[in-house]
Amino acid sequence: MPELSTLLAQVFTGLVLGLIYVLLAIGLSLIFGLMAVVNFAHGALFMLGAYFGVFLLGHTGSFWVALIGAPLMVGTVGLIMERFLIRRLYGRGSPDDPLLLTFGLSLILVEGVKVIWGKIGLTLDPPRALAGAVDLGFMAFPAYRLFLIVVVVAVLIGLYFFLGRTNIGLIIRAGSRDPLMVRALGIDLGRVWLVVFGLGTALAGLAGILAGPMRGAYAEMGVAMVIESFVVVVVGGMGSLLGAVVAGLLIGQVVGLTTLFVPKLAEIMVFMVMAVVLLVRPSGLFGEAGLME
Amino acid sequence: MSALRSAALRIAAHPVLAFWVFFALFPFIVPNRTMATQVLIFGLLAMGFNLLYGYTGLLSFGHAAYYGLGAYGCGIALAKLHVGSLWLGLAAGLGLAGLGGLVIGFFCLRRRGIYFAMLTLAFAQLLYFIAFHLADWTGGDDGLRGIPQLALGLGPWQVEIGHTLAFYYFAYVLVGLAVAALRRILDSPFGAVLRAIRENTSRAEACGYDVNRVKHLSFVFSACFAGLAGSLDALRLTVVPVESLFWTTSGQTVMMTLLGGAGTFFGPFVGAATFLVLEERLSLVMEAWPIVIGAIFSAFVLFLPRGIWGTLTGGFHGRQSA
């Protein structure tokens with residue numbers, strides 16, 4: 001048995017990873033909930049967030065500019081993707097086409113990044129203020145990771161109020177439940193789609209820039225993340241934001257603790273959890289059976 | 001265009017015969033005979049995928065799993081268990097892929113619609129990580145090496161398949177049999193139910209068909225075709241790289257099928273040939289050739305969703321209902 005402090009440190013590491021999953025899964029879930037689009041390019045946009053972060057940090061020298069700017073840039077890429085490409089597929093009645101298109105786009109993004117920034121990964125330094133470790137009393141923990149936890153929790157609270165307490169949030173929730181009725185009430189859903197796609201992809205970009213100082217930026221970094229985020233969405237229940245949060249944190253702990261006890265099984269356990277959930281609760285922990293199928 | 005179209009329609013009318021005739025001459029048409037064999041093998045893999053996506057309406061993003069299981073099944077039987085017969089090696093690959101399709105299909109069919117693609121992808125990645133860590137059996141990161149290219153036992157005769165052209169005709173016969181088998185499946189009442197499910201799942205259910213069982217069987221058949229492709233590729237390369245199971249193999253299969261035309265009989269072979277030629281030509285002139293492939297694929301999804309062969313013959317475009 002490892003010591004208690006090692007165990008606690010690993011629980012915190014799992015929490016950090018879990019929060020990255022949560023950001024990605026919420027974006028996927030929001031986009032899917034409203035538009036029934038599975039955005040395969042989500043991992044590529046996560047990766048793009050880290051690269052835009054490196055770019056902005058290099059040009060401005062400020063991590064804070066990068067932290068705000070990178071998600072905005074990724075969100076802009078998302079807006080362009082939705083408005084000019086994915087939107088053409090909505091009327092077709094073949095629900096797999098957006099997934100196929102975003103798969104093609106993710107290839108372009110991953111290879112494009114290699115052309116622009118080279119094939120070798122880049123590093124992204126956290127700001128000096130967050131460089132050291134913080135003594136929590138029972139253990140020391142990297143300050144940057146504590147900062148990441150605070151940022152993600154703040155963003156989640158913000159999202160909760162945005163979706164739950166604002167008019168546009170109300171329209172988004174209504175739109176994912178009954179788009180036809182929302183349209184009948186005279187609301188231009190096309191603009192709402194654009195907002196949600198921009199928001200969802202910006203969250204992926206935020207996850208990317210936040211993950212940057214821990215794992216650097218490299219072209220393939222999004223691939224494993226998007227597949228694991230799919231797992232989070234399946235475990236939590238597609239379209240359920242609470243499900244995305246709970247499942248993201250759960251998968252983060254699964255990875256963190258398996259890494260501590262049986263490192264070889266870390267990646268495998270993620271999929272095992274998914275298989276068990278599928279057996280016991282096919283609609284996911286918080287999904288309603290039959291919703292959005 | 002209309003002459004091309006009528007020629008294409010004439011070929012589509014007698015698909016099995018057309019396959020035997022065309023691919024008998026194929027290695028003498030293409031400049032590169034290794035590529036001729038690759039077109040056969042990846043065409044077969046795409047054909048298996050097409051049974052599930054093009055004819056049943058289920059988008060699998062995890063066909064690397066069955067291709068890889070076929071390759072490892074055949075490779076492990078020959079290189080580790082020393083079964084000493086190509087036929088037993090092929091049977092092991094086919095059996096393992098079919099078993100994988102049975103188990104993974106069971107899990108993936110628990111969720112319908114768009115979940116299916118994500119689940120198939122996730123289970124294929126699970127197999128990739130297992131193969132990666134099970135190095136004693138799979139060779140792990142280095143790949144499974146030392147698969148012997150045994151002579152093929154045909155009754156009293158032993159046929160060498162080491163030569164490129166000999167291997168091509170060995171693959172040609174097996175892929176041709178698979179093509180005939182697929183035609184038989186599609187022409188059967190079962191094949192008609194598959195298309196009924198693709199067009200309208202609820203109505204097929206209302207007609208009294210056990211939709212989930214039919215889908216599951218289609219999944220297993222599809223996995224077997226992919227597994228045969230994997231076994232053949234293991235014999236061709238005498239190595240199974242662990243990337244066979246990686247998601248890129250699945251993505252490539254999806255792209256080949258869509259380029260050629262999903263839901264058309266020859267689309268997968270047309271797509272495999274197109275993809276392989278593009279890959280060969282582009283990789284000579286640029287390092288970032290996947291950008292061009294990605295752009296062409298995206299353009300096909302947007303503007304030519306029936307694919308090359310489907311546009312010529314008028315095939316199926318996408319699933320019509322969730």
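This is a predicted model: local features need pLDDT of at least 70, side-chain atom pairs count only at pLDDT 80 or more; totals for chains, interfaces and linings use all residues.
The phi of B:Thr238 is near 60°, a positive value in a residue other than glycine, and if you look for B:Thr238 on the screen, you will find it in the loop between helix H11 (211-237) and H12 of chain B.

There is a second residue of this kind, B:His82, which has a positive phi of about 50° although it is not a glycine. B:His82 sits in the loop between helix H4 (64-79) and helix H5 (86-108) of chain B. Is B:His82 buried or exposed? It is exposed, because the number of other C-beta atoms within 10 Å is 8, and a residue counts as exposed at 12 or fewer.

Since 13 of the 14 residues of H12(B) are buried, the helix is largely enclosed by the rest of the structure. After H12(B) comes B:Gly261, with a positive phi near 130°.

Helix H3 of chain B, residues 33-55, can be described in the same terms, with 23 residues and a reach of 31 Å from its first C-alpha to its last, close to the 33 Å expected at 1.5 Å a residue. Where is the kink in H3(B) centred? It is centred on B:Phe49, and the kink is about 35°. H3(B) is mostly covered, with 20 of its 23 residues buried, and it is followed by B:Gly57, whose phi is positive, near 85°.

Now let me turn to chain A, which has eleven helices and two strands. Read from the N terminus on, its elements run α-α-α-α-β-β-α-α-α-α-α-α-α. For its 293 residues, a compact globule would have a radius of gyration near 19 Å, and chain A agrees with this, because its own value is 19 Å. Along the principal axes, the C-alpha atoms of chain A fill a box of roughly 60 × 50 × 35 Å. Buried residues make up 51% of the chain, and among the contacts in chain A between residues at least 6 apart in sequence, 76% join residues at least 24 apart.

The two chains also touch each other, and the contact takes 39 residues from chain B and 36 residues from chain A. On the chain B side, helix H6 (115-133), H12 and helix H14 (289-303) each supply at least two residues, and H6(B) gives the most, with twelve residues. The residues on this side of chain B divide into 26 nonpolar, nine polar and four charged.

I will finish with the largest nonpolar core, which has 203 residues, and in which A:Val231 and B:Ala122 touch the most other members. Helix H1 of chain A, residues 4-35, gives the most to this core, with 16 residues. Which residues is A:Val231 in contact with, leaving aside its neighbours within four places in sequence? They are A:Ile251, A:Val270, A:Phe271, A:Met274 and, from chain B, B:Ala122.

Key:
Residues are numbered from 1 along each chain as its sequence is written. Chains are lettered from A and ligands numbered from 1 in the order in which they are written. Helices (H or I, at least four residues) and strands (E, at least two) are DSSP runs, numbered from the N terminus. The radius of gyration is taken over C-alpha atoms; the globule rule is 2.2 Å times the number of residues to the power 0.38. Two residues are in contact if their C-beta atoms, placed from the backbone, lie within 7 Å. Ala, Val, Leu, Ile, Met, Phe, Trp, Tyr, Cys and Pro count as nonpolar, Asp, Glu, Lys and Arg as charged, and the others, Gly among them, as polar. A nonpolar core is a set of buried Ala, Val, Leu, Ile, Met, Phe, Trp, Tyr and Cys residues joined through C-beta atoms within 7 Å. The expected span of a helix is 1.5 Å times one less than its number of residues. The bend at a residue is the angle between axes fitted to the seven residues ending there and the seven starting there.
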